[in-house]
Structures are given as structure tokens and as C-alpha cells.
Amino acid sequence: MYSDSPAIVVSVDLGTTYTGVAWMTPKTPIQVISDWPGSGDRGERKVPTTLVYNANGTLSSWGFMCADDELEAGVPGGAKVRREFFKIFMDADTLADAQQQGLTSAPQSVSEAQRFVTDFLRQVYAHVKESIETQIGRRGVGNGWTDLAVEFLFSVPTTWTSQSIVNSFKKVIREAGFGVEGPKHSAQVDLTEAEAAAVATLKTSAVSFGMGSVFLTVDAGGGTTDLALMQVISSNMAVPQMASLHAVNGVGIGATLIDRLFMRVVQQRLEACSDAAAHIPPDLPLRLARSHQFRTVKHKFGERAYMQALFRIPIEGLAYNFSHAGLGIENGRMVFTLQEMQSLFDPQIEGIVNRIMGELEWLRTMGHLHQVQYMVLSGGLGSSAYVRDKVQQRFLVHQHPNASDHVAVIPCNDPQLVVVRGLLLDRQQRWESGGATSVLSTRIARASYGVIVQEIYVPAMHPNEDVRPDPFEPSKKWALNQIQWLIKKGDQVNPNAFLVKSFQIRLAATETARAWNSHIVISHNAPSQLPSSMKQDGAYRLCEVKSNLMGVQQDQLVKVNKRGTCWSRGVTFYICQFDVRVIVAPADLRFELWFGGQKFSGNHEPITVDWDQEGSNVKGM
């Protein structure tokens, strides 16, 4: 067993509308949390990503328990306020778009959205802790799970392409309690939602993927649709592996847009029939969109048994014998035609098809001969039979050279829990293979990352660059603020391998400094157009990495004696050699400090990172 195997691994998929959590140990299979407070005996495997606040700003309820606050929350004049969809508003651009469209339920600011996410995840953490401690027999016994090695894995949408959003999310995770309660607890952002869905597809699908098979996962959830184009490079069922063919990407399409369109249809009917206002319960569009009956129609739409000419949605609080032709109400139920229901789904399907076509076109323009054999749908919207059938029809009627003539659009196994399962299955394969074999063997870098260095000055190579003399060798000069690119956009990245940048710091014999800073930069330019210097456009300072080698003694350094000449005196100086190792995760960067061939750890934090506000806000294309 892999020595770094934790006692418990917990995966969390914070969704726009629903959140899922699962866990496992090295000896037990994946277990999905399904005892959410307020869910009764229904065994719900995901909890609504919803909060209700009191008038004074304190939390009243969360998840399923918000249903008890429904009568007051969200009603004009009510003392309580319902909050939902707050995850997507951690992205400043998404929030700005919502505010511009007049979405009154949107948070006032990104920091307010972060507070909502923190409050929600804090409740999730408390329940998950209680549930797992009960399962392992540690609840109320000693320190519970505090002294165990517990690893929390989180996913992020592929639409989060700036480092600042991920950094904010990591801060929220810790403030909610994940990874901080025990000395051996840790929390990290691991795979993107698209990659996790692809992992679960390869590991659990009923499809027999052969060597070289190409498949496209389309994870369509509540707020975003994430795509990953993968090729199978090992069909060994015990340790299957795949490689990314193209950088994962996403778009803001999800089931919440169906709710908004439905509310618009209802609102338009109300505006056209103002004479009926006195008979209609307040805030009817919102109430109908949240009703159990509409959710059932939305989830089942497309299944043969549920396809009918008319759909009748009961209106809670309206007399059962009330009818109004203009509003389309018959006996207390609002009636919608099949065409009206289709009009809610079709714009989202068109957006998803366009993104799929984008992936196929990328293959064609890059000259790839690969043909996509399977399109695997997951997520709440992706599990819709109507969505699946429409996408299948589209690619059977309008074929593409990079899609097989018989391309199959299939649902993945357990589509609404595909992300939490994928996170755990990838972690499980790593520990079972001694840390060497991830399901995702290589991913595609979505940006270029480099480090600012100084280079030996060559006038022809460094025109107009800042230069400094070498303090130990007067004949040598250094060009400053040069960029050494460690990885370029589009490169294949091995998730199990470090990028290594070696440093050699020259010290005078009397110098005792043991801490130095290095600067990481990011660029979204095409690889052929990357700047070689910070004086050129296109590179942004992403972060400052502070390496602290306090405790390293003088005799551990490399001593250099430069002999003098007739015209100069000899000089003695020391060189401190160390490595900064970087893991380029799907949506994160992680650093380690190495000295003398070993990971350095003194009685202090050996490496710290300060993120640059401007650089970390730069978004990918």
C-alpha cells in the first residue's frame, strides 16, 4: 500500500444547485453521504446548495431544511431571505453579467458570494464529520477523527480559469473547516469537474473502451457544462489510463437556465392578465419553478412515459376549482404545451452542441485523424433523456469527419454523482499503484508558466535589457528580468511529475542569508509568441515564491575559489543550490522546496507563496 495513503479520503462536489459528498478508506468501497438533515427517509444522495438567512443576517437553515422556511423566505415583505446559485457568483464576470441582467437574487459582491459559500460548506463539513465519525465508530469517542489522516478533495468548474478564483475557493474551503481540524488533515483542489467526470467514465462505464478509443465527456450540471476530450492509452481494467487531447473547457449552460426561462414564461402570462392578480399567490413564477411537480417534469422530460401534449403543474395556495383561460390555468393547475417545454430545453441543447462541435472542429483544424466514438453525458442536465436524444439525433443527421459514423451518445453510470466518484477513483488508483499511475496520465496545460531569471548578458540577445555586474567576476554581466518558460500552453503535463527549477545563489563568505524569493509568471499567448523578458508584453507576475532554507550550514554549501591574476585578486564565495518543484494541477499550482536531493523541512514553513492580484486575475482563453 502506498505510504502516503490517508485513513479517509472525502470528495466534495459543490454544485450550483446540488452538492454531493462521498468518502472511502483504503479498505472500504466508495460510500455516498445520503443522510442529509431534513431529507427524511428518502435517502437523498445530494443536498440542495441552498441557504435561508434570518433578517439579522444569521443563518436560519440550509439544504433540505430550507423547505420549512419556504413560506417566509423569498416572499416580498418576509423577514427571511433565501440564497441559492451562489457558487457561480464567485466569478466576478458571472456576477457582473447577472447584475446587468437585473437578477435581483444575485449577491451584492463577490465577497458576499464567498460568505454564502463558506456558510454552506461549514454546514456540510459539520454533517460530513458527524456522519463519517458515526460510521467508523469514532463519534463521541476520544478526539473523533481529529487524529486520523483525512484528505479532502474538491473539484472546480473548467470555467474558472483565473488563479484568483481558485485561491478564493481554497480560502473558503479552509474557513469552512476542511483540512484544518487535525494535524494530519489536508484539503486540496484536485481535478476539474470535466476531468473527474472523465475518470469516472473510464473506470465505471459499461462501454468497453479499447486502446486508442477517443471519447468526449459532457458534464452538464446546474450552472455550467464542462467538456473533456480524452483518449484511452491503457485498457488494462485494473489500472486504466487516459490522456487529454485538448485542454478542458466549459460554458455557462446548465439546468438553472431552464428554470429562468420557465419563470419568464409564467411572468409573461401574468403581465398579460393583470385582472387575475388578486387570485394568484405572490411570487408565482419562483414558487412554480421550485415546486416538486415542475422539478419532476424537468428531470423526466424526454422519457417516453412523460412525453405528452400538455403538462399540468399544480399551483400551491390556489383553489382547486380556479380556472383562467388567459393564464392557462385549469382547475388550479397551470397548463404548458409540449412545445413550450421544449423551448426551455432547446436553447441549452443548442449551446451544448455548439461546444461539442468546437471540440470536433479543433481536432479537424489540428490535423488529427482521431474520431470520437462516444459522447458521455453526465450531471443533472446531462442525465435528461430529452437532451441525450436531441444530441444523438444531431450527430446522426449532421455527421462530422472527426466523429464516428455511429458515434454513441450515452449516459454515464450514476450521472449526478460522477464528479465525487471520479475524484475518489483517481485517488484510489494512485494509492493502489504506489502513487505512480493516475487514471489521467497527462493533461493539457491551459496556460504557460515560467520563472523570472537572470541570464549571462549577451548584447545581441538582450538589447535594451536591464543589466547588472557580477559581484564576484567583474568580467561577467547579467541580464535581469528574463523569463525561463517551464511549461507552455498546450504542452502535455504529467500530474505525477514535478517541474523542477534549480537555483544557484552566490554568497560572499560572510553572508548568512538563507531565504530567497523567486517569481512565477503566467501567459496565455500562443507558445510561439511568448515573451522572453518582462519588458515585453504578454507575461504577468502570478506569484512570489519565498524559499526559506534557514538551518542550512555553511559546510552544506558549495565553496568556490576563483584564482587571481596579475591584474585582479582571487575571490572566494559560496553557492547555495536548491530546487523549487512545481506541480501544475488542473486549476492550481503547488510548490515544494528541495535541498541536497531531499524535500526540505525545517522547524518552519520552508516555502510560502504570495499571489499577485493582477496576475492571478488573468483569465484563460
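This note comments on the nonpolar cores, strand pairing and aromatic contacts of a predicted model.

1. The largest nonpolar core has 55 residues. Within this core, Phe-345, Ile-356 and Val-372 have the most contacts. Helix H8, which spans residues 338–365, supplies the largest share of the core, namely 11 residues.

2. Six-stranded sheet: 6 strands are arranged in the order S21-S22-S20-S25-S26-S31, forming an open sheet with antiparallel pairing. Strands S21 (467–469) and S31 (607–611) are at the edges; each has a single partner strand, so one side of each has no neighbour in the sheet. On average, neighbouring strands of this sheet are turned by 35° against each other, direction ignored.

3. Inside this sheet, strand S20 (residues 448–456) and strand S22 (residues 477–487) run antiparallel and are joined by 7 bridges. Val-451 has Gln-484 in S22 as its bridge partner.

4. Val-451 is also one of the residues touched by Phe-503. Phe-503 belongs to strand S24 (residues 499–508) and counts as buried because its relative accessibility is 14%, the cut-off being under 20%. Phe-503 and Cys-576 are 73 residues apart in sequence, with a C-alpha to C-alpha separation of 7.8 Å in space.

5. Three-stranded sheet: another open sheet has 3 strands in the order S14-S16-S15, and its pairing is antiparallel. Strand S14 (310–314) and strand S15 (329–330) are the edge strands; each has a single partner strand, so one side of each lacks a neighbour in the sheet. The antiparallel pairing of S14 with strand S16 (residues 333–337) extends over 5 bridges. Pro-314 is placed opposite Arg-333 of S16.

6. The count of aromatic pairs comes to 25. One of them, between Tyr-53 and Phe-116, is tilted, with 5.4 Å centre to centre and 45° between the planes. Because Tyr-53 lies in strand S5 (residues 50–53) and Phe-116 in helix H2 (residues 110–135), this pair ties together parts that are 63 residues apart in sequence. Both partners count as buried: Tyr-53 has a relative accessibility of 6%, and Phe-116 has 1%.

7. Phe-209 and Tyr-374 form an edge-to-face pair, at 5.4 Å centre to centre and with 80° between the planes. This pair links distant parts of the chain, 165 residues apart. Phe-209 is in the loop between helix H4 (193–204) and strand S10 (214–220), whereas Tyr-374 is in strand S17 (residues 372–378). Phe-209 counts as buried, at 8% relative accessibility.

8. One aromatic cluster consists of Tyr-125, Trp-145, Phe-152, Phe-154, Trp-160, Phe-169 and Phe-178.

9. Over the faces of which two rings does Arg-581 lie? One ring is that of Phe-498, with Arg-581 at 5.7 Å from the ring centre. The other is that of Trp-594, where Arg-581 is 3.6 Å from the ring centre.

Technical notes: Residues numbered from 1 in each chain as written. Predicted model: local features only at pLDDT ≥ 70, side-chain atom pairs only at ≥ 80, totals over all residues. Heavy atoms only, no water. Core = buried A, V, L, I, M, F, W, Y, C linked by side-chain atoms within 4.5 Å. Buried < 20%, exposed > 50% of the residue type's maximum accessible area, 1.4 Å probe, protein only. Helix = DSSP H or I, 4+ residues; strand = E, 2+ residues; numbered from the N terminus. Contact = heavy atoms within 4.5 Å. Pairing = 2+ DSSP bridges. Axes fitted to C-alpha atoms, helices over the stretch in contact; angles between N-to-C directions. Phe/Tyr/Trp six-rings, centres within 6.5 Å; stacked < 30°, edge-to-face > 60°. Lys NZ or Arg CZ within 6 Å of the ring centre and 35° of its normal. Lists of a residue's contacts leave out its neighbours within four places in sequence.
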